[in-house]
Amino acid sequence: MNPEWASRVLQMEVPSLLRLIPDPPETLWGVGQVPDRPGVAIVGTRRCTSYGRRVARWLGEAVARAGWPVISGLARGVDAAAHQAVVQTSGVGVAVLGSGADTVYPPENGQLASDLVATGGAVISEYQPGTPPAPFRFPARNRLISGLSSAVVVVEAGLTGGALITARLALEQGKEVLAVPGDIDRPTSAGCNLLIRDGAHPVLGAEDLINCLEFILGPAPAAPAPRTIASGDTVDELVAASDRPVSEVLAELARRELEGGLRLESGRMVTAPKKGSLD
Amino acid sequence: MAMVGAEPRPVRIEVHVGKPKDRFTLVGLPDTAVREAKDRVRAAIVSTGRDFPHRLVTVNLSPANLPKAGSDYDLPIALGVVAAVGDLPKTAIRVVAAGELSLDGSVRRSRTAIGAALLASQYGIPCVVADDDAGIAAKVPGAVVYPVANLVEAMAAVSGALTPRRPSELDSGGEVVLEDMADVRGQPVARRALEIAAAGSHHLLMVGSPGGGKTMLARRLPGILPPLTADQAVEVACLWSAADRPRRFSDSPPFRAPHHSASSASIVGGGHGHPVPGELSLAHNGVLFMDELGEFPPHLLNALRQPLEEGKVTIARRGSAVTFPARAQVIAASNPCPCGFRGDRTRGCRCTESALERYRRRLSGPFLDRFDIRVFVGSPEPESLLGPPGESSSEVRSRVLGARHAQLERGVVNGHMLRVDLDRQPLDGGARRLLHRGVEAGVLTGRGADRVRRVARTIADLSRCELVAEEHVAEALAYRSGL
């Protein structure tokens, strides 16, 4: 991790949400601002399939747009996909690390970490800066993920792994657990299917998830963020939704495109692979 | 007078009356129609009550190596013969005349009347044309036009017994009905793109599903363009008459929309024998609309590239080359994919990846590079179709005129700016940084950056800014929609 990031890590006050869990952290370090309203955790296996990644993005975007903070662990796979969607929707996301907040693990998510902070979220850890990532620390940080959330959505999980631990902790903390069903012969969905058999709400789609969350949790805690530019928006919609002149909206889109992540294609913002030229 | 391409060249009629002998020869590369002038001229002169001279009459059309075609030499030859036998004052025959004679001496309308008037005004001498042609000829700035019904009147005119027709003003619009921008509902992005294209004379590509209004928008471009100057209108009139098209003399920019099945010669120009201007030249100083750009054969698109760059078409013929002006603004429309519904709000695209790839390949490349502005035109939102009418053409046009004025003060229209011109355009710090970022991020190529700078300059002109600022570049960046 670069020193610039490390220098931004500060000790924070433990938010009230985390003081309510059975085993609250003693200290908290991090960058950014932890929202004071409960969020929705989106978690899953690091070794996810394209299905898991797609669903994580989809749900992350829906939840962020509905106005709940999205909580996850910034791990590879499902976590990263969910965080990515949040950033692109300009929603609020919190990443809880299993290492010191100055050491983003895996390192390729460093950019994502600073993006999360840039869109109003936070990257936090209960470990002192400088603490290296270690397998035994990950289950412990999972209690913070569920602690910051009022519901935990498991996107893809095998029978063993952190995601099921998070689900169990969530139940212990009295939080809702939801799971995305998958093929019964697919090991990466076995954990989710098991959760559903044991009483977790099956998630049938982004809209279904939002309806379900609103039913369980009541309407989203804060008014949805003002219309931001996200993947899937058409230019005409953005212009119609804005009261600014066309020229300004277009300029905004172009700036957003240069920041990376999104590109304008066939009159619609789409997620861009970071390569190639548009000419 | 002869037309070389769309450019009138003077032809001097020399008449020699020799020893008594009943013979009439005509030299100077006449084609069949010109050679037959002998008989019409003889009959027309007889109809005035004179005898045709019973002498050896030789007429030379000079320069003798320039091929002459058509029947418009009848009138000048007849005047020359009459003058040669002394029936007209020799000083009175410095005129430009064009018109076919009928056997009874009446003067018929001519295809080259505008060219004749143009030459006459260049040489500062009067011009004699048929009554029917006088209206259009008199619109050429500076032309002194004598309308004549027959050879007798023509003789009177050149001897100074008639008064010339007063030069008439340019018609505005007239025969051309311009559709109004108010008819376009919704489509804010496409409207804005069209306005910028009009203001800077940028080539514009609209991509979108069928029924989105691409054609409707394109047809409204002439209505928001600045009116033609008198000189431009003359150029257009010459080209149209060289192509033997209906007469056109108007200050509204021409609009041509060739079908994609049209031959290369009919679009670029050429044809058998005498080269004729193509649609590209008929759209000179105006708009060439290419609907279904993907359907035009690739060789045709290639053939258009150079003329578009140079603003002229050169057609080589055995021993000579003819050049037609061709500074047209191209507006192209294309479906986003073979099935047409990619990116559509309501219907999905059903094209396979490979079909899409083929389609892109066909449309990509150097021809697409010519389009400074590329914009996606989606199907309009239902609410907007029922909503209030859009802003009218006259309002848009007044902004376009303002922006064009600023460009003409700098001396070059933005759409025609080359890199050297661009380098003279000041960018503010933010604009420069944004461009750099685009190039660094791999979003812009060098040529792409030039396009963005041209468009940004026009956007700045529309907002009456001397300096190109960050927001102008940012907006210009949004008009690079690919396929």
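Modeller: A crossing is called right-handed if the near helix is turned clockwise from the far one by less than a right angle, and left-handed if it is turned anticlockwise. Helices (DSSP H or I runs of at least four residues) and strands (E runs of at least two) are numbered from the N terminus. This is a predicted model, in which local features need pLDDT of at least 70 and side-chain atom pairs count only at pLDDT 80 or more, while totals for chains, interfaces and linings use all residues. Residues are numbered from 1 along each chain as its sequence is written, and chains are lettered from A and ligands numbered from 1 in the order in which they are written.

The crossing in question is that of H3(A) and H4(A), and it is right-handed. H3 spans residues 50-66 of chain A and H4 residues 78-88; they pack at an angle of about 40 degrees, with axes 7 Å apart. The axes are lines fitted to C-alpha atoms over the stretch in contact, and the angle is taken between N-to-C directions on a scale from 0 to 180 degrees. Two residues are in contact if their C-beta atoms, placed from the backbone, lie within 7 Å. By that criterion, H3(A) contributes Gly52(A), Arg53(A), Ala56(A), Arg57(A), Leu59(A), Gly60(A), Glu61(A) and Ala64(A), and these meet Val78(A), Ala81(A), Ala82(A), Gln84(A), Ala85(A) and Val86(A) of H4(A). The contact comprises 8 nonpolar, 3 polar and 3 charged residues. Here Ala, Val, Leu, Ile, Met, Phe, Trp, Tyr, Cys and Pro count as nonpolar, Asp, Glu, Lys and Arg as charged, and the others, Gly among them, as polar.

The loop between H4 and E5 of chain A holds Ser90(A). Most residues other than glycine have a negative phi, and most peptide bonds are trans. Ser90(A), however, has a positive phi, near 55 degrees. Ser90(A) counts as partly exposed because 19 C-beta neighbours lie inside 10 Å; a residue is buried with 20 or more other C-beta atoms within 10 Å of its own, exposed with 12 or fewer, and partly exposed in between.

Elsewhere in chain A, strand E2 (residues 28-32) is largely enclosed by the rest of the structure, because 5 of its 5 residues are buried. Two strands pair if DSSP finds at least two bridges between them. E2(A) is joined by 3 bridges to E1 (residues 10-12), and the two run antiparallel; Gln11(A) has Trp29(A) as its bridge partner. E2(A) also runs antiparallel to E6 (residues 122-125), with 4 bridges between them, and there Gly30(A) stands opposite Ile124(A).

Chain A also touches chain B, through 24 residues from chain A and 26 from chain B. On the chain A side, H10 (235-241), H11 (246-258) and E10 (262-265) each supply at least two residues, and H11(A) gives the largest share, 9 residues. That side divides into 11 nonpolar, 7 polar and 6 charged residues.

In chain B, 5 strands form an open, parallel sheet in the order E12-E15-E18-E11-E19. Its edge strands are E12 (255-256) and E19 (373-376), each pairing on one side only. Within the sheet, E15 (residues 287-290) and E18 (residues 329-334) of chain B run parallel and share 4 bridges, with Leu288(B) partnered by Val330(B). In the loop between helix H10 (230-242) and E12 of chain B is Ser252(B), which is buried, with 22 other C-beta atoms within 10 Å.

Confidence should be read alongside these details. The pLDDT (the predictor's confidence in each residue, from 0 to 100) averages 84 over chain A, and 89% of the residues score at least 70. It stays under 50 over residues 223-227 of chain A, for which the model has 9 contacts beyond four places in sequence. Residues 274-279 of chain A are also below 50, with 13 contacts beyond near neighbours in sequence.
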